[in-house]
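Subject: Structure handover

Hello,

Here is the structure I promised to pass on. Please open it alongside this note. My findings follow below.

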Amino acid sequence: LFSRRDFLKRAGVSGAGFFGSCYWERLKDLSGSFDAILANDNSAGQFYIEVKKGDYALKTDCDLVWLETIPEHTGGYPHSITTGTYLVGNDIQPGIYKGQAGIGNSCYWERLKSLAGDFDSILANENSVGQFYVEVTANDYAFQTGCDLEFLESIPEHTGEYPQSLEAGTYLVGSDIQPGSYSGQAGADFGESCYWERLRDVTGGFNSIIANANAKGQFYVQVQPGDFALGTTCPLEWSGP
């Protein structure tokens, strides 16, 4: 990717919140219409923008620094990352990261294959709630997070008793929760349903999903011993093996 000469690489730093963020646009003309926008974002924290040679203009509301090349990684990788965008293999290492978000204040994250800022750049994304995990792979180009995350050196071994009740979030099977049957209660229509998913990994892609549903009313989920994780948007209760 970086051997190509059809783009500039720019980096910036903005505030962590929306009002401290940096709005930017890649433009195909200066008409000022929505159709002129190739990609845009309100970037927070450390961020990068890939300006392509075919772009007509770049609009930015904050200072940016042009990168001649992507800096080589030196020293150790951070164990904690804050809101921002990070180059995989340079700023951060691949692996599993853990976060905690509020139920009404989710954490948006993206695994990225480029820094162009368009929808095609996104490998996987999610608005995560509660406890959650994200696996950044070695093939990812960059990772963007809207909240603080901790790098897991390894999957924690289970200690103590497994919980009988789960809040909204994502749980590692055999570490956070035990396999077996879980029950829940959701509303009668789609808007009050409970989304759950049994997962083979936490990369966030469609291929990660073993099974899922938007459950209504009383429902059950059977978590298998071979499942990697369980995600739920509503409380669940352990029902037995």
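C194 sits in strand β18 (residues 194–199), and C234 sits in the loop between β21 (229–232) and β22, so the bond ties together parts that are 40 residues apart in sequence. Both C194 and C234 are buried. Please keep in mind that this is a predicted model.

**The other disulfides**

How many disulfides does the structure hold? There are three. A disulfide is a covalent bond between the sulfur atoms of two cysteines.

C22 is bonded to C62, with an S to S distance of 2.1 Å. The torsion about that S-S bond is about -90 degrees, so the disulfide of C22 and C62 is left-handed. It links distant parts of the chain: C22 belongs to strand β2, while C62 is in the loop between β5 and β6 (65–67), 40 residues apart. C22 and C62 are buried.

C107 and C147 make another disulfide. Their sulfur atoms are 2.1 Å apart. Here the S-S torsion is about -90 degrees, so the disulfide of C107 and C147 is left-handed. This pair, too, links distant parts of the chain. C107 is in strand β10 (residues 107–112). C147 is in the loop between β13 and β14 (149–151). The two are 40 residues apart. Both C107 and C147 are buried.

Now number the bonded cysteines of the protein in sequence order. The pairing then reads 1-2, 3-4, 5-6.

**Aromatic pairs**

A pair of aromatic rings is described by the distance of the centres and the angle of the planes. A search of the whole structure finds four aromatic pairs. One of them is Y97 with F143, and it is stacked. The centres are 6.4 Å apart, with 20 degrees between the planes. Y97 lies in strand β9 (residues 95–101) and F143 in strand β13 (residues 142–145), so the pair ties together parts that are 46 residues apart in sequence. Are Y97 and F143 buried or exposed? Both are buried.

Y182 and W238 form an edge-to-face pair. The distance is 5.4 Å centre to centre, and the angle between the planes is 70 degrees. This pair links distant parts of the chain, 56 residues apart. Y182 is in strand β17 (residues 180–185), and W238 is in strand β22 (residues 236–240). Y182 is buried, at a relative accessible area of 0%. Why does W238 count as buried? Its relative accessibility is 19%, and the cut-off for buried is under 20%.

Ring pairs also link Y97, W109, F143 and F151 into a cluster.

**A four-stranded sheet**

Y182 and W238 come up again here. In β22, W238 is the bridge partner of Y182. The strands β17 and β22 pair in the antiparallel sense, over three bridges. They belong to an open sheet of four strands. The order is β15-β22-β17-β20, and the pairing is antiparallel. Which strands are at the edges? They are β15 (165–166) and β20 (218–223), and each pairs on one side only.

**A three-stranded sheet**

Another open sheet has three strands, in the order β3-β2-β5. Its pairing is antiparallel. β3 and β5 (57–60) stand at the edges with a single partner strand each, so one side of each is left without a neighbour in the sheet. The twist averages 10 degrees from one strand to the next.

β2 and β3 pair in the antiparallel sense over six bridges. L27 stands opposite I37 in β3.

**The loop between β2 and β3**

Last, a look at S33. Where is S33? It is in the loop between β2 (22–27) and β3 (37–43). S33 is partly exposed, with a relative accessible area of 31%. Its side chain makes a polar contact of 3.0 Å with the side chain of S31.

Best wishes

Methods: Residues are numbered from 1 along each chain as its sequence is written. This is a predicted model: local features need pLDDT of at least 70, side-chain atom pairs count only at pLDDT 80 or more; totals for chains, interfaces and linings use all residues. Side-chain values use heavy atoms; hydrogens and water are left out. Buried means under 20% relative accessible area, exposed over 50%, partly exposed in between (1.4 Å probe, protein chains only). A polar contact is a pair of N or O atoms within 3.5 Å; within protein, one must be able to donate a hydrogen and the other to accept it, and residues adjacent in sequence count only if both atoms are side-chain atoms. Two strands pair if DSSP finds at least two bridges between them. Axes are lines fitted to C-alpha atoms, for helices over the stretch in contact, and angles run from 0 to 180 degrees between N-to-C directions. Rings of Phe, Tyr and Trp (its six-membered ring) pair if their centres lie within 6.5 Å; planes under 30 degrees apart count as stacked, over 60 as edge-to-face and the rest as tilted. A disulfide is a pair of cysteine sulfur atoms within 2.5 Å.
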